[in-house]
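Hi there,

Here is the structure I promised to pass on to you. Have a look at it first, and then read on for what turned up in it.

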Amino acid sequence: MAKPKFITDRAELEKLAPMLKAPILRQVFVCNGKSCSQVGSAEVKAEFERILESKGIRQGKESKGRNPMGSILLNDCGSIGFCSIGVAVMVHPDGVLYGQVQADDVAEIVEQHLENGIVVERLALMKLPNG
Ligand code: FES
């Protein structure tokens, strides 16, 4: 396998990965592992998509209904160990791990935490020390 070329030119990097130019504040990961999938992770992710895109703050391609200069990245992730207490949602760089998240909780997480930096304590099961 050919070793990939290491790119140092910032403009070239930004052309290849336009999200580098976005003013990202937070990244949200929704677990789509087997256990979380069985208790509604697809619905939780869909609700994050719906709300973040309606507010115009989800970073991504305009052609996909997202905002290239949006401040929130939304991603899937695999299991983080909350399998019996999912749906698990992580918010970085705050290092907050939410458990038992349902679609009905998403608006509160977006408005309180993602937009205003206030952790939703009733769902926050863990906060990483350097978050
Ligand atoms: S499957 Fe989601 S935390 Fe394990």
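What percentage of the 131 residues in the protein is buried? Buried residues come to 26%. Please keep in mind throughout that this is a predicted model.

The protein has 4 helices and 5 strands, and along the sequence they follow the pattern α-β-α-α-β-β-β-α-β. The C-alpha trace spans about 45 × 35 × 30 Å along its principal axes. If we take the contacts between residues at least 6 apart in sequence, 58% of them join residues at least 24 apart.

Now to the inside. The largest nonpolar core holds 24 residues, and those touching the most other members are Val28, Val87, Ala88 and Val89. Two or more residues of this core come from each of strand E1 (26-31), helix H3 (41-55), E2, E3, E4 and H4. H4 gives the largest share, with 4 residues.

Setting aside its neighbours within four places in sequence, Ala88 is in contact with Cys31, Cys36, Ile80, Phe82, Leu97, Tyr98 and Gly99.

As background, most peptide bonds are trans, and most residues other than glycine have a negative phi.

- Gly86 and Val87 are joined by a cis peptide bond, with omega at about 10 degrees. Val87 sits in the loop between strand E2 (72-77) and strand E3 (89-92), and is also one of the core residues named above.
- The peptide bond from His92 to Pro93 is cis too, with omega near 15 degrees. Pro93 belongs to the loop between E3 and strand E4 (96-98).
- Gln100 is not a glycine, yet its phi is positive, at about 55 degrees. You will find Gln100 in the loop between E4 and helix H4 (106-114).

Best wishes

Definitions and conventions. Residues are numbered from 1 along each chain as its sequence is written. This is a predicted model: local features need pLDDT of at least 70, side-chain atom pairs count only at pLDDT 80 or more; totals for chains, interfaces and linings use all residues. A nonpolar core is a set of buried Ala, Val, Leu, Ile, Met, Phe, Trp, Tyr and Cys residues joined through C-beta atoms within 7 Å. A residue is buried if 20 or more other C-beta atoms lie within 10 Å of its own, exposed if 12 or fewer, and partly exposed in between; C-beta atoms are placed from the backbone. Two residues are in contact if their C-beta atoms, placed from the backbone, lie within 7 Å.
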